Amino acid sequence: MAQKKEGKILGMERDTFRSMMGKYGISIVMVFMIIIIGIMEPLFLKPTNLVNVATQITINGMLAYGMCMAITTGGIDLTVGAQVALGGVILGICTTQKGLPLVVGLLAAVAMTTLFGFINGFLIAKFNMFPFVVTLSMQLVIRGASLVLSGGQGIQLGNDIAKIYYTNVFGFIPLPIVIYLVVFALMYLMFHWTKLGRYILAVGGNPNAALASGVNVFRIKIYAYAISGFLAGIAAILLAAKTGNAKSNIGEGYETDAVAACVIGGTSFAGGIATMPGVLIGTFIVGFIYNGINMVGVSANFQSIIRGLVIILTVMLDMAINGRNRK
């Protein structure tokens, strides 16, 4: 009996269409979205607004790169928002309350968030605990630690910290964009050109096969979550510099935006599938969505609905594109 031939999509075979969407689908969506928003609001395409969007997405971008590490191993990191708060509080305590040099405060903030990332990875890898449960619980611990350390009060930060966010390189490129691009380059090289990156993908794709191949799954998971914590520390510094204030309740919901950037950028919740350029594009798409709906006058009350629908639709797209590879 002759095999039934699959139908075509937009004039292309299904496998060809699936492959093309897997490679270029997110970029195509981004271009169309920019065009549509630009038609609805011409000010959206002005260079000053595009630079503003690029600057604003740097914080979520840092978190998204870290979240990508966790999701690619088959887990998730729900502590990144709380770690942003903790990093800011540590920075404020060191520089404002203790009068320590700025560099000490910066290092302390990043060291503390990296430590909690290490703890997340250790608990998940050592005791084979569900990443969702571990990081959800640790989110409460970290948020509580921020509250205790700050005494429930905001800590006003100095102008030297604000310069990190509001300084322009070469007179026109905001420093956060430069930092973001440097981190992207380093993450790209690590993820796509080193053994660590290949091992992270292998652990997420099939941990048993990775273990049988000699990969230290325990160590790789710890590395992945420690990297997420490290990048959350950088995001904490950028946010503290932007707001000029460190609070224990800041960063709430940031993990949602990080997850959105990852899944929009093609990171699969099944693990083992991700690219750094995809996360970069996903972060920009999230930024463009927020900026665009603000400019066209969409009520803030509907923004969470739009955000949730975008995540659902992109997960459905991910399942449609990569479903066969999981069978």
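Predicted model: local features only at pLDDT ≥ 70, side-chain atom pairs only at ≥ 80, totals over all residues.
**Cysteines and helix packing: a working chat**

Q: Ok, so how far is the sulfur of Cys262 from the closest cysteine sulfur?
A: The distance is 5.1 Å, and the partner is Cys68. That is too far for a bond, because a disulfide needs the two sulfurs within 2.5 Å.

Q: And is Cys262 buried or exposed?
A: Buried, since its relative accessible area is 0%.

Q: What about Cys94, buried or exposed?
A: Cys94 also counts as buried, because its relative accessibility is 12% and the cut-off for buried is under 20%.

Q: Zooming out, what's the secondary structure of the chain?
A: There are 13 helices and 6 strands. The chain has 327 residues, and 47% of them count as buried.

Q: What share of the contacts is between residues 24 or more positions apart?
A: Those make up 76% of the contacts in the chain with a separation of 6 or more.

Q: Let's do helix packing. How do the axes of helix 2 and helix 10 cross?
A: They come within 8 Å and cross at roughly 170 degrees. That makes the two helices roughly antiparallel. By class, their contact has 16 nonpolar, 4 polar and 1 charged residues.

Q: Which residues meet there?
A: On the helix 2 side they include Ile59, Met62, Leu63 and Met69. On the helix 10 side, Leu231, Ala235, Leu238 and Lys242 are among them.

Q: And helix 8 against helix 10, at what angle do they cross?
A: Roughly 105 degrees, with the axes coming within 10 Å. The pair is therefore roughly perpendicular.

Q: Which residues make that contact?
A: From helix 8 it's Leu196, Tyr199, Ile200 and Val203, and they meet Val217, Ile220, Lys221, Tyr223 and Ile227 of helix 10. By class, that gives 8 nonpolar, no polar and 1 charged residues.

Q: Switching to helix 6, which of its residues are buried?
A: Helix 6 spans residues 159–166, and the buried ones are Ile161, Ile164 and Tyr165. Seen down the helix axis, they fall within an arc of 90 degrees, so they line one face.

Q: What covers them?
A: The cover includes helix 2, helix 3, helix 4, helix 7 and helix 10.

Q: Which exposed residues sit on the face turned away from the buried side?
A: Asn159, Lys163 and Tyr166 are the exposed residues on that face of helix 6.

Methods. Residues numbered from 1 in each chain as written. Heavy atoms only, no water. Axes fitted to C-alpha atoms, helices over the stretch in contact; angles between N-to-C directions. Helix = DSSP H or I, 4+ residues; strand = E, 2+ residues; numbered from the N terminus. Parallel < 35°, antiparallel > 145°, perpendicular 65-115°, else oblique. Contact = heavy atoms within 4.5 Å. Nonpolar A, V, L, I, M, F, W, Y, C, P; charged D, E, K, R; others polar. Buried < 20%, exposed > 50% of the residue type's maximum accessible area, 1.4 Å probe, protein only. Arc of directions from axis to C-beta.
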